[in-house]
Amino acid sequence: MAEYLIKNGYVYDPILGINGDKHDVAIKDGKMVDASAVKNAKVIDANGMTVMAGGVDIHAHIAGPKLNIGRNFRPEDKLFNAKPGQGIKHMVAGHSVPTTFKFGYIYANMGYGFAMEAAMPPLYARHTHEEIRDTPIIDEAALPVFGNNWFVLEYLKNHEIENTAAYIAWILRATKGFGIKNVNPGGTEAWAWGMNCSSIHDNVPYFDITPAEIVTGLIEANEYLGLPHSMHVHGNQLGEPGNYKTTLETLALAKGYKPNSKFGRDQVLHQTHLQFHSYGGDSYSSKSFESKSKEVADYINKQDNITFDLGVVTLDDTTTMTADGPFEQHLSHMNHLKWANTDVELETAAGVVPFQYRKNTFIAVAQWAVGLELALYAKDPMKCFLTTDAPNAGPLWRYPRVIKWLMSEQARNEVLDDAKYGEKVRDRCYIGELDREISLYELAAMTRAGTAKALGLGNMFGSLRPGMEGDVVVYPYSPESENPEDIEYAFGNAKYFIKGGEMIINDGEIVSNGNKRTFWVDCKVNENAQVQHDIEEKFKRYYTVGLNNYDVNEKTFLPNPHRIEVDATQ
Ligand SMILES: [Zn+2]
């Protein structure tokens, strides 16, 4: 394998405490090494440019049946930017729901080396892994959804943590999953009965359990198992004005829990796309709606066991897709565009609805403001992560624009000055009072060091420390630049990107499909005859597939698996 020496760049690495110093960075045998350890290295001159470890995305929707539904029923989305293949690149298409190949290239151009598919329906894990396998370059993993699963609801109703944990370990092995996702706990199951959960204390029909009990039960099961990542929650009431109260109540459920993990994370609860959960008022009108980002961020700033990602609205045409079934039905009735919803047997549900965040409406720009405010109020960038909940709040390839808004008050003011209701947004949100600009050092925490740590992957990704994966990106950005447009350009057009020691982007061109891996967590638990019996019984009685057709075979579906072993026997 080639050795690389990246010289003279401005380096940002919060783990090593390097804040823009000129540093030489070296890679040998696929890993980071001390610059003195390479002898015959290919030298990359990063003079005047920014050098970071490869990016790590904690939450995006990039593989699985939701994506394919989006692609199938939105040919108009596919027609955007269709391009023939070129060099080693396959043909690509798609704006908010790109082809699998395009997802790989987008991440490479943004300098990302790892991404988490944030919601995998266990029953469709085979499909999800097929798409992951077809996505070049980027290492990926997927979080199976548990918050509306019949096994989980029945065990947790009786607070059977050990059984819940044994079932979760079985699902992770069967579906080659990475951790615990929890979407609209109880509410998605309630949707199958034509209802929803409007607070964390609502009863889920038939199951006689509350969202609060599901959240704490899954935290306890997660810590019983000692998984690399924490319970990852999209709470109740997403998108509803006034929902910040439900959000604060949900976050408060983490109180008193401590992480039990050998993988270095600090949190027991990761709250995803917090922007969608930080609204005040009781309607979307500018007379009532208001930002509650400050209240929510203030709460999280005082906790040491919660992390979150932003879900910034990018003011684009996009396609929403979520396991929050009742929300998608609600959204389709508001915007009257196309709508697909499905119920996934005993496990979950999901919906897909196109959405236009229009700059000439009050609410879209207010949502945009809320997402950015959360980052600007967050005290610790190691706990606050950049996402657009892609494609829900905006397409994946808009990350560079979000970075521009975070780093430049001028760029934010341009949006507000340009927007029809910009003054109203300044009035109903906090954005107008915030002059903070995120630094490159903080950005490195929000996009790699912090996300890697929260996923339990801090021993592989997020830093240039010797021994870490040889993932290095060189962005054509000088910290001395005063033009915010330079930020957006640079973070979408990596000049060099080396991943696992292999050159992926050379002088701005993608030159390799890399050595893509799929990560999954193999968790060993005590024999549990009860859970084994329940699984066999439910598959016989209710599932449309047999157990033999459920399992994701590692050899068939994961050509290059990276298995993380956890021993939870006791
Ligand atoms: Zn999501």
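What follows is a chat about the metal site, strands, pockets and ring pairs of this model.

Me: Before we start, what kind of model is this?
Reply: It's a predicted model.

Me: OK, metal first. Which residues coordinate the zinc ion?
Reply: H59 and H61 each use their NE2 atom, and D389 uses OD, at 2.1 Å.

Me: How are those donors spaced in sequence?
Reply: The pattern is H-x1-H-x327-D. H61 is in the loop between β6 (55-60) and α1 (65-73), while D389 is in the loop between β18 (384-385) and α13 (399-407), so the pair ties together parts that are 328 residues apart in sequence.

Me: Are H61 and D389 buried or exposed?
Reply: Both H61 and D389 are buried.

Me: Switching to strands. How do β1 and β5 pair?
Reply: Strand β1 (residues 4-13) pairs with strand β5 (residues 50-53) in the parallel sense, over two bridges. Y10 stands opposite T50 in β5.

Me: And which way does β5 pair with β19?
Reply: That pairing is antiparallel, with four bridges between β5 and strand β19 (residues 472-475). Here T50 stands opposite Y475 in β19.

Me: What about the open sheet, what's its strand order?
Reply: Five strands make it up, in the order β9-β10-β11-β14-β18, and the pairing is parallel. At the edges stand β9 (181-183) and β18, each with a single partner strand, so one side of each is left without a neighbour in the sheet.

Me: How many bridges join β11 to β14?
Reply: Three bridges join strand β11 (residues 269-271) to strand β14 (residues 306-309).

Me: What follows α3?
Reply: G111 does, and its phi is positive, near 75 degrees.

Me: And the second largest pocket, how much space is in it?
Reply: About 500 Å³. It is lined by 23 residues, and L331, M334, F355, I363 and Q367 lie nearest its centre.

Me: Which elements supply at least two residues there?
Reply: β15 (317-322), α11 (325-335), β17 (348-356) and α12 (362-377). Of these, α11 gives the most, with four residues. By class, the lining of the second largest pocket has eleven nonpolar, ten polar and two charged residues.

Me: Last topic, rings. How many aromatic pairs does the structure hold?
Reply: It holds 24. In one of them, the ring centres of F114 and F461 are 5.5 Å apart and the planes are at 40 degrees, so the pair is tilted.

Me: Where are F114 and F461 in the chain?
Reply: F114 lies in strand β7 (residues 112-120) and F461 in the loop between α16 (440-454) and β19, so the pair ties together parts that are 347 residues apart in sequence. Both F114 and F461 are buried.

Me: What about Y475 and F491?
Reply: They form a tilted aromatic pair too, 4.3 Å centre to centre with 40 degrees between the planes. Y475 is in strand β19 and F491 is in helix α17, 16 residues apart. Y475 and F491 are buried as well.

Me: Which rings link into a cluster?
Reply: Ring pairs link F146, F151, Y167, W170, F539, Y543 and Y550 into a cluster.

Technical notes. Residues are numbered from 1 along each chain as its sequence is written. This is a predicted model: local features need pLDDT of at least 70, side-chain atom pairs count only at pLDDT 80 or more; totals for chains, interfaces and linings use all residues. Side-chain values use heavy atoms; hydrogens and water are left out. Two strands pair if DSSP finds at least two bridges between them. Donors are N, O and S atoms within 2.8 Å of the metal (3.2 Å for Na, K and Ca); water is not among the atoms, so sites may look incomplete. Buried means under 20% relative accessible area, exposed over 50%, partly exposed in between (1.4 Å probe, protein chains only). On a 1 Å grid over the protein atoms alone, a cavity is a set of points where a 1.4 Å probe fits but cannot get out, and a pocket is an open set with protein on both sides within 12 Å along at least five of seven lines; lining residues have an atom within 4 Å of a point. Grid points are joined across faces, edges and corners, and a volume is the space filled by probe spheres set on the points. Ala, Val, Leu, Ile, Met, Phe, Trp, Tyr, Cys and Pro count as nonpolar, Asp, Glu, Lys and Arg as charged, and the others, Gly among them, as polar. Rings of Phe, Tyr and Trp (its six-membered ring) pair if their centres lie within 6.5 Å; planes under 30 degrees apart count as stacked, over 60 as edge-to-face and the rest as tilted.
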